[in-house]
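Work through the exercises below with the model open. Each task is followed by a solution in steps.

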Amino acid sequence: MYSKQTVIRNVSGLHARPASEFVALAKTFESKLTVKRLDTEDAVAANAKSIIKILAQGISVNTPVEISAEGPDEKVAVDKMIALVDSKFGED
Amino acid sequence: MKILKGNPVSRGIAIGRTYIYKAFTADVHESYFEAGHEKEMLKKFMDAVDAAGKELDAIVESLSIESPEKAKIFSAHKEILYDEEVAEEVTEMINSDRAMPEFAVDMVFTEFAILLSKADDPLIAARAADLRDVRNRVLRILQGEEERNLANLNEEVIVVAHDLLPSDTATLDREKVLGIITEVGGATSHTAIIARSYKIPAVLGVPEATEILATGDSIVLDALDGKVMLVPDKETIQEYKDKLVEFTKDELEASKYLDRLPLVASGEEYSIGLNIGSTEPSEYIKYSDFVGLFRTEFLYMESEHMPTEEEQFKAYKKVLANALGKPVTLRTLDIGGDKSLRYLVLPHEDNPFLGKRALRLCLALPDLFKTQLRAALRASAFGEMLIMFPMVGTIDDIRNAKAVVDEVKADLRHEKIPFDENIKIGIMIEIPSIAMVADLAAQEVDFASIGTNDLTQYLHAVDRMNADIVDYYQSMSPSMLRMLGNIFAEFNKIRKPISVCGELAGDPVAAIVLYGLGLRKFSMNASNIARVKRMLSNFTLDEMEAIAETVQSKATQDDVIAYLETKINNREKVTLTD
């Protein structure tokens with residue numbers, strides 16, 4: 001199990017195109033990947049490979065999140081996912 | 001031979017076979033299978049997902065060139081289709097609960113749709129509709145039914161449906177659709193407008209058409225009189241073949257009037273405008289003097305996100321370019337609760353046509369309104385643009401809307417972005433309350449255009465989409481004629497341009513009366529230009545003024561029409577001699 005935290009900084013948050021890119025990247029890894037909001041008490045870790053689960057989280061800009069992975073490529077997976085978020089998905 | 005009657009909304013004749021177009025409705029029940037069939041059922045589910053994926057690929061491909069925005073919607077559907085969580089849960093339900101694939105799919109997709117619809121962000125909540133769409137596609141495949149859309153027709157057919165949605169008409173194969181019959185809808189419904197612009201004969205408001213007719217039935221569609229003949233005998237078929245020849249000939253004759261100067265028989269001029277609703281150039285612009293109505297709703301309805309200022313600016317510039325230097329009257333967003341946008345959840349209202357729509361919606365959503373106005377004003381630097389507000393009910397509405405325009409102008413000036421400082425601002429006259437104070441309104445605007453479809457609806461308290469009460473929708477009633485005459489008079493008095501852009505302007509018989517009442521600007525669908533020009537060229541100003549005066553004293557619309565028929569008496573059918 002490996003996790004890292006970051007903050008969503010792109011304007012449209014984890015919605016629409018960014019969400020698609022997020023899920024597409026997640027699917028390239030073998031490990032189980034989750035993303036969890038850190039700004040609310042009862043947030044549950046959501047499957048990062050499910051577009052529906054990601055959309056349902058409603059993660060918008062300035063939301064702190066934790067990305068975790070469990071599996072053979074867990075470290076590389078988390079690092080790459082964090083890098084994608086930090087790149088702001090190419091928005092501004 | 002059975003004869004069905006309906007409202008002929010797009011002139012023409014079609015002889016051929018029917019295709020009953022029914023939207024798929026899933027009828028799923030809680031059901032389970034016997035132990036031992038898990039693998040088989042799972043395979044059924046996976047195969048259905050694959051088949052759905054292939055369908056979506058085909059759709060994306062066929063839309064990607066002409067409508068890339070629409071294609072994105074279906075790409076998003078593919079994403080949902082292959083969602084991991086969905087696959088896991090359906091698999092679980094099939095393996096552990098032994099739920100039938102249809103039942104499992106229905107439960108899981110619906111569960112997720114509900115989950116999404118609870119999201120705070122309305123954009124996310126709106127995606128629930130996508131989930132339902134994908135669910136229905138998979139269910140349809142599981143139930144062994146063919147894909148239904150009008151884009152992939154194998155042969156020429158006459159389409160019969162309860163109603164056609166913009167998504168149906170937008171992708172229909174114009175080469176293969178010989179005619180359209182629907183159970184609901186009126187002359188001004190979306191289907192009617194599309195049918196006319198595609199020159200497809202259409203008869204709407206034929207109750208139970210989808211029950212009475214079956215796919216493959218041989219019929220004659222008479223969209224001149226408004227009749228559908230089922231299993232026509234040889235004589236009828238021949239009769240209509242002849243009528244079709246005559247109709248085609250008449251259309252050809254009328255088309256000779258297209259490039260003539262718009263003059264009445266006594267030499268006075270008038271002008272012809274074109275009504276458009278897309279960025280597609282029209283070959284009819286060369287037969288028009290102006291674009292009297294540029295509907296902007298398509299930008300909002302065909303996109304999966306709020307159209308940005310840049311996107312709108314580009315579109316408006318293109319429309320100005322298409323107009324070859326002629327003025328374009330841009331109507332700001334005219335939409336309400338009856339439509340649904342993928343990215344903006346419009347409030348559900350009991351009476352959307354009396355609700356927070358069009359200008360009211362824009363004034364309540366200043367960001368949306370300003371974005372459109374900014375784009376329009378920026379485009380105005382590249383051609384002659386006029387801005388027109390829909391759904392104006394009072395002088396306050398006009399002043400409030402103009403105030404926003406002034407704010408936007410100030411912003412653009414500050415940002416040093418060029419725009420037409422003298423841009424003309426006007427209104428649609430479609431609500432009786434503003435028509436009643438036409439004199440006051442004329443003082444506040446640079447021009448106005450009358451939306452006779454909605455004006456008739458609001459004046460006569462008739463839902464123009466309701467085929468059941470179509471007789472109450474009277475666009476040439478004495479009430480309408482008096483109201484129109486008064487509006488023309490008030491605007492003509494202070495020399496402010498007044499036009500009619502509703503369907504009435506494109507009706508040759510009505511055009512005579514409108515001209516006689518004082519109208520000189522007629523804006524219409526391309527398909528009506530030739531016939532209106534032909535009709536007006538056959539009457540003198542004096543004749544039309546006399547006709548207009550007489551009809552105003554008639555008591556009912558029937559009396560008006562009967563009188564007009566005696567005066568017109570096929571005069572316009574005189575062949576062009578030069």
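**Exercise 1.** Determine how helix 1 and helix 3 of chain B are arranged relative to each other.

*Solution.* Start with the axes. In this predicted model, helix 1 (residues 38–63) of chain B and helix 3 (residues 84–97) of chain B have axes that come within 9 Å and cross at roughly 155 degrees. Axes are lines fitted to C-alpha atoms, for helices over the stretch in contact, and angles run from 0 to 180 degrees between N-to-C directions. Helices (H or I, at least four residues) and strands (E, at least two) are DSSP runs, numbered from the N terminus.

Next, classify the angle. Helix 1 of chain B and helix 3 of chain B are therefore roughly antiparallel. The cut-offs: under 35 degrees is roughly parallel, over 145 roughly antiparallel, 65 to 115 roughly perpendicular, and the rest oblique.

Then list the contacts (C-beta atoms, placed from the backbone, within 7 Å). Glu38(B), Met41(B), Leu42(B) and Phe45(B) of helix 1 meet Val90(B), Thr91(B), Ile94(B) and Asn95(B) of helix 3. Five residues of this contact are nonpolar, two polar and one charged. Here Ala, Val, Leu, Ile, Met, Phe, Trp, Tyr, Cys and Pro count as nonpolar, Asp, Glu, Lys and Arg as charged, and the others, Gly among them, as polar.

A note on conventions: residues are numbered from 1 along each chain as its sequence is written, while chains are lettered from A and ligands numbered from 1 in the order in which they are written. As the model is predicted, local features need pLDDT of at least 70 and side-chain atom pairs count only at pLDDT 80 or more, whereas totals for chains, interfaces and linings use all residues.

**Exercise 2.** Describe the packing of helix 1 against helix 3 in chain A.

*Solution.* Helix 1 (residues 16–26) of chain A and helix 3 (residues 74–86) of chain A pack at about 165 degrees, their axes 10 Å apart. These helices of chain A are therefore roughly antiparallel. On one side are Glu21(A), Phe22(A), Leu25(A) and Ala26(A); on the other, Lys80(A), Met81(A) and Leu84(A).

**Exercise 3.** Which residues does each chain bring to the contact between A and B, by number and by kind?

*Solution.* Chain A supplies twelve residues and chain B 15 residues. Helix 2 (residues 51–57) of chain A gives the most to chain A's side, with five residues. That side divides into four nonpolar, six polar and two charged.

Key:
Contact = placed C-beta atoms within 7 Å.
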